[in-house]
Amino acid sequence: MDSGFTVVTNPTVQVRITSTLSSFEVLRSFNRGIAVAELKGKLELIVGVPSSSMDLEIFSVSDTFLQKMDDNEALLGSYPVDDDCRIHVIDRSGGQMGELFDVSKVEKFELSDEAYDKRTVSARSFMKGQRVGRFNEEEMAKKKADLAAREEEQKAAAAAISVGNRCKVEVSGQPTKLGTVMYVGTADFKPGYWVGVKYDEPLGKHNGTVNGKQYFECENKYGAFLKPLSVTVGDFPEEDYGLDEI
């Protein structure tokens with residue numbers, strides 16, 4: 001009776017790849033039967049280090065250094081490489097960590113707006129030909145007129161609102177809020193007319209100060225700015241929540 005036994009070794013090994021050029025770790029599988037020289041060629045495509053300028057080191061599963069892979073003719077399987085071991089690529093060409101991902105060193109193609117405008121095959125020329133967006137003069141004129149008309153409506157609405165008025169604020173998608181008008185006019189943060197409101201409850205965004213400029217005073221989270229058409233003034237007394245009941 002034959003008492004011998006046979007050891008079957010997986011022909012491929014899955015290892016972690018790291019390099020001196022990157023902080024990233026990559027998982028790859030290789031045939032144990034390839035030579036170290038061929039392995040370097042494959043690693044060049046992964047880490048970007050020239051195969052002629054790389055040194056290889058093997059680390060165990062627990063990242064303990066095992067040995068260098070300094071024989072280009074030796075087979076990968078002749079080294080103590082097991083699944084989840086790490087092969088570290090050292091670049092001897094002078095590359096620095098993160099260099100491959102530093103786009104500031106990449107020469108960029110730049111084209112002046114005038115030169116781009118002369119191109120017959122481009123997104124801009126297509127939009128011009130199809131009269132899309134800003135290249136549709138009629139549509140742009142209509143949008144401009146609509147915007148101007150809307151702004152006149154906002155201006156007229158603002159003229160009917162005074163500081164101290166009680167108001168109701170209605171914004172699409174938000175609950176109706178009650179408050180007191182604290183500011184009416186233009187502002188530095190955005191063009192157009194705005195109404196500053198101090199809400200009765202902490203449903204606002206600030207304390208009356210926006211981008212470092214104070215437009216009115218109130219407690220934090222009680223202040224907000226609205227477009228005039230969202231604000232209706234009238235007899236809107238503060239709601240009594242029964243806090244004084246005994």
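The chain holds four helices and twelve strands. Helices (H or I, at least four residues) and strands (E, at least two) are DSSP runs, numbered from the N terminus. The model is predicted: local features need pLDDT of at least 70, side-chain atom pairs count only at pLDDT 80 or more, and totals for chains, interfaces and linings use all residues. Residues are numbered from 1 along each chain as its sequence is written, and side-chain values use heavy atoms, with hydrogens and water left out.

Of the 246 residues in the chain, 32% are buried. Buried means under 20% relative accessible area, exposed means over 50%, and partly exposed lies in between (1.4 Å probe, protein chains only). The chain exposes about 16,500 Å². Carbon and sulfur atoms supply 51% of that area. Accessible areas come from the Shrake-Rupley method with a 1.4 Å probe; for residues, only the protein chains shown count as cover.

Five strands build an open sheet. Their order is β11-β8-β7-β6-β12, and the pairing is antiparallel. Two strands pair if DSSP finds at least two bridges between them. At the edges are β11 (223–226) and β12 (231–233), each pairing on one side only. On average, neighbouring strands of this sheet are turned by 45° against each other, direction ignored. Axes here are lines fitted to C-alpha atoms. Within the sheet, β7 (residues 177–186) and β8 (residues 193–199) pair in the antiparallel sense over seven bridges. V181 stands opposite V197 in β8.

Aromatic rings were examined next. The whole structure contains eight aromatic pairs. Rings of Phe, Tyr and Trp (its six-membered ring) pair if their centres lie within 6.5 Å; planes under 30 degrees apart count as stacked, over 60 as edge-to-face and the rest as tilted. One aromatic cluster comprises Y183, F189, W194, Y215, F216 and F225. W194 also has a charge over its ring: the charged end of K227 sits 4.3 Å from the ring centre. Elsewhere, R86 lies over the face of F59, at 4.2 Å from the ring centre. A charge sits over a ring if NZ of Lys or CZ of Arg is within 6 Å of the ring centre and within 35 degrees of the ring normal.

Q67 belongs to strand β4 (residues 65–68). Its relative accessible area is 30%, so Q67 is partly exposed. Beyond its neighbours within four places in sequence, Q67 is in contact (heavy atoms within 4.5 Å) with E57, I58, Y79 and P80. Q67 and P80 are 13 residues apart along the chain, and their C-alpha atoms are separated by 8.7 Å.

Technical notes. Axes are lines fitted to C-alpha atoms, for helices over the stretch in contact, and angles run from 0 to 180 degrees between N-to-C directions.
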